[in-house]
Amino acid sequence: MASFFPLACFFVSICLILSQSNAGKIAIYWGQNGNEGTLAATCATADYDFVIIAFLPTFGNGQTPIINLAGHCDPYSNACTNLTSDINSCQSKGIKVILSIGGGAGSYYLNSTDDAKQVATYLWNNFLGGQSSSRPLGDAVLDGVDFDIEGGTNLYWDDLARYLSNYGKRGGGRKVYLSAAPQCPFPDYYIGKALQTGLFDYVWVQFYNNPPCQYSSGMDSLEKAWKQWNSVPAGEILLGLPASAEAAGTGFVPAGTLTSTVLPAIKGSAKYGGVMLWSKYYDNGYSSAIKNAV
């Protein structure tokens with residue numbers, strides 16, 4: 001009897017396409033520790049598909065927006081404009097560079113739909129495809145905005161998402177990618193409503209500092225939450241984890257456990273997009289150890 005290769009693997013090129021179709025991405029937060037290396041060096045590692053610049057923690061309610069990049073640069077002296085070349089270097093490698101607004105500590109909330117519109121206009125003109133004489137990161141055009149909303153109120157974030165998305169549609173054809181970093185208890189209190197707009201391309205869910213749904217409470221808890229998050233009308237869902245045991249209070253998953261137990265259990269979901277890590281400062285080999293399994 002003649003032997004036949006499986007149809008899907010008849011051509012090597014087809015096999016490669018199939019094997020890569022489930023390939024996940026790695027996102028990393030950068031900006032909150034001056035000892036984590038430069039943005040350009042972060043991208044040069046070739047470990048990441050997204051670098052999320054953290055944070056813009058002050059905005060909304062009539063406040064003057066202020067970026068905070070810890071020890072990297074002083075926004076008050078306009079020193080962060082030096083990041084333009086680093087951002088361009090990252091993007092030249094195909095890495096998306098996204099600005100994260102909010103964070104665990106800051107002064108931010110939206111008080112009306114009009115306030116959301118004003119914040120969107122500020123973000124467009126100062127970080128995205130618009131124009132301003134005072135762009136904090138210089139002339140580089142970022143790829144999108146990340147909603148890491150962990151305080152304030154749960155109002156008008158859906159309006160902000162709509163305004164930003166509309167800017168991308170009419171901004172010369174350059175898309176504004178939207179991402180979010182909700183906590184894993186479902187639905188997220190702060191941006192659950194915003195995520196229902198269907199406008200978010202990437203949702204990297206924080207499966208840490210949340211004992212009810214993180215791995216340390218067992219795979220059943222994590223898988224239940226993961227399935228709930230996959231019901232969100234978003235492009236891709238990523239598993240958010242600390243890059244070391246020191247990076248978060250709870251929720252660290254050793255690389256070997258992640259690759260042998262956790263990822264095989266979630267990679268089959270239609271919206272699986274990979275892994276998000278907090279943060280570059282703590283990533284001392286973790287991303288490279290998991291990269292081939294993501």
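A disulfide is taken as a pair of cysteine sulfur atoms within 2.5 Å. Residues are numbered from 1 along each chain as its sequence is written. Local features need a pLDDT of at least 70, side-chain atom pairs count only at pLDDT 80 or more, totals for chains, interfaces and linings use all residues, and side-chain values use heavy atoms, without hydrogens and water.

C43 pairs with C90, the sulfur atoms being 2.0 Å apart. The S-S torsion is about 95°, so this disulfide is right-handed. C43 lies in helix α2 (residues 39-44) and C90 in helix α3 (residues 84-92), so the bond ties together parts 47 residues apart in sequence. Helices (H or I, at least four residues) and strands (E, at least two) are DSSP runs, numbered from the N terminus. C43 is buried at 2% relative accessible area, and C90 is buried at 0%. Buried means under 20% relative accessible area, exposed over 50%, and partly exposed in between (1.4 Å probe, protein chains only).

C73 and C80 are also joined, with 2.0 Å between their sulfur atoms. Their link is right-handed, at 100° about the S-S bond. C73 is buried at 13%, and C80 at 1%.

C184 and C213 form a disulfide with sulfur atoms 2.0 Å apart. C184 sits in the loop between β7 and α6, and C213 in the loop between β8 and α7, so the pair connects parts 29 residues apart in sequence. The torsion is 85°, and the link is right-handed. Both C184 and C213 are buried.

Two cis peptide bonds lie in loops. One runs from F186 to P187, with omega near -5°. P187 belongs to the loop between β7 (177-180) and α6 (192-195). Another joins W278 and S279, with omega about -10°. S279 lies between β10 (272-278) and α9 (286-290).

Positive phi occurs at Y156, near 75°, and at N209, about 55°. Y156 lies in the loop between β6 (144-149) and α5 (157-170) and is partly exposed at 26%. N209 lies in the loop between β8 (202-206) and α7 (219-229) and is partly exposed at 40%.

The chain averages a pLDDT of 92, and 91% of residues score at least 70. pLDDT is the predictor's confidence in each residue, from 0 to 100. Over residues 1-21 pLDDT stays under 50. Where pLDDT is low, the predicted coordinates should not be read in detail.

Methods. Contact = heavy atoms within 4.5 Å.
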